[in-house]
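Dear colleague,

I am passing on the structure we spoke about, together with some notes on what turned up when I went through it. Please look at the sequence and the structure first, and then read on.

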Amino acid sequence: MADYVAFRRVCVFCGSNPGRRAAYVQAAQQLGRQLAADGTDVVYGGGCRGLMGALADSAISSGGRVIGVMPQALVDMEVAHRGLSEMHIVGSMHERKAKMTGFSDAFLVLPGGWGTMDELCEALTWAQLGIHNKPCGLWNVEGYFDSLLAFLDHAVAEELLKAKDRKRLLVGKELSEVLAAMRSYVPVWEPVPAKLRD
Ligand code: AMP
């Protein structure tokens, strides 16, 4: 039984590679099991490889629902997972991120490379602009993100990132810690001109 209220759908960003440490794949599998146990749908990029594939396989085999969103070009590269509850094929990476955001009520980031960092930064930038007010958690598995977090502190010290915006990223070493922080997140909400949202 979870000690927090479950989200309806969580969008997970994570690597299309498995990484060097077994702990990364184990973390993706743990997250899949946890979200399935909570009755929370997984929304993700729809891939069958790496941490993405491990997350989806684990959620599905634990009885969870998994929704993939993938551009046709990636489907053509045969990296699409074939056993998802739903797969949405879109025209571009931009459309994919917008759809994944629209489907979800929270974001959770696991170790990954450029794609994961792009998605993380976009989720936080859109929150900063008031385009959405969804929590964004980062599971710092085995300290993978330590140097990124140190860089964010540097960006605050250099006054290029506001401390209140730095706090939008909810970091934890344990999954339960990240999920609890996401659950109790109070959005830093500022009205934004409608033209930025549309
Ligand atoms: P990366 O962190 O560079 O491995 O990219 C992973 C993230 O970018 C995922 O959350 C996906 O949404 C997207 N992505 C990048 N490469 C792929 C791929 N080969 N298959 C599926 N999604 C990918």
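How many bridges join strand S2 to strand S3? Please keep in mind throughout that this is a predicted model. Strand S2 (residues 41–44) and strand S3 (residues 66–71) run parallel and are joined by three bridges, and within this pairing Val43 has Ile67 of S3 as its bridge partner. The two strands belong to an open sheet of seven strands with parallel pairing, in which the order is S4-S3-S2-S1-S5-S6-S7. Strand S4 (86–90) and strand S7 (169–172) are the edge strands, and because each has a single partner strand, one side of each is left without a neighbour in the sheet. On average, and ignoring direction, neighbouring strands of this sheet are turned by 25° against each other.

The salt bridges come next, of which the count is nine. One of them pairs Arg9 with Asp41, with the closest N and O atoms 3.3 Å apart; since Arg9 lies in strand S1 (residues 9–13) and Asp41 in strand S2, this pair ties together parts that are 32 residues apart in sequence. Arg9 counts as buried, at 15% relative accessibility, and Asp41 counts as buried too, at 13%. Asp41 also meets Arg65 in a salt bridge, at 3.6 Å from N to O, and because Arg65 sits in the loop between H2 and S3 while Asp41 is in strand S2, the pair ties together parts 24 residues apart in sequence. Arg65, with a relative accessible area of 35%, is partly exposed. Arg9, Asp41 and Arg65 are linked with Glu86 in a network of salt bridges.

Another salt bridge joins the side chains of Lys97 and Glu122, at 3.0 Å from N to O, and it links distant parts of the chain, with Lys97 in helix H4 and Glu122 in helix H5, 25 residues apart. Lys97 counts as buried at 9% relative accessibility, and Glu122 is buried with a relative accessible area of 18%.

Lys97 and Glu122 are also among the residues that line the largest cavity, together with others including Phe13, Phe107 and Trp126. This cavity has a volume of about 40 Å³, and the structure holds one cavity of 30 Å³ or more. H5 gives the most to its lining, with four residues, and by class the lining has four nonpolar, one polar and three charged residues.

Turning to the open spaces, the largest pocket holds about 500 Å³ of space. It is lined by 27 residues, of which Cys14, Gly15, Ser16, Asn17 and Met52 are the closest to its centre. Helix H2 (50–61), helix H4 (93–103) and helix H5 (114–128) each supply at least two residues of this lining, the largest share, four residues, coming from H5. The lining divides into 12 nonpolar, 10 polar and five charged residues.

The second largest pocket has a volume of about 300 Å³, and of its 14 lining residues the closest to the centre are Cys121, Leu124, Thr125, Leu152 and Leu161. Here too H5 provides the largest share, with six residues, while H5, helix H6 (146–157) and helix H7 (163–166) each supply at least two. Its lining has nine nonpolar, two polar and three charged residues.

With best wishes

Key:
Residues are numbered from 1 along each chain as its sequence is written. This is a predicted model: local features need pLDDT of at least 70, side-chain atom pairs count only at pLDDT 80 or more; totals for chains, interfaces and linings use all residues. Side-chain values use heavy atoms; hydrogens and water are left out. On a 1 Å grid over the protein atoms alone, a cavity is a set of points where a 1.4 Å probe fits but cannot get out, and a pocket is an open set with protein on both sides within 12 Å along at least five of seven lines; lining residues have an atom within 4 Å of a point. Grid points are joined across faces, edges and corners, and a volume is the space filled by probe spheres set on the points. Ala, Val, Leu, Ile, Met, Phe, Trp, Tyr, Cys and Pro count as nonpolar, Asp, Glu, Lys and Arg as charged, and the others, Gly among them, as polar. Two strands pair if DSSP finds at least two bridges between them. Axes are lines fitted to C-alpha atoms, for helices over the stretch in contact, and angles run from 0 to 180 degrees between N-to-C directions. A salt bridge is a side-chain nitrogen of Lys or Arg within 4 Å of a carboxyl oxygen of Asp or Glu. Buried means under 20% relative accessible area, exposed over 50%, partly exposed in between (1.4 Å probe, protein chains only).
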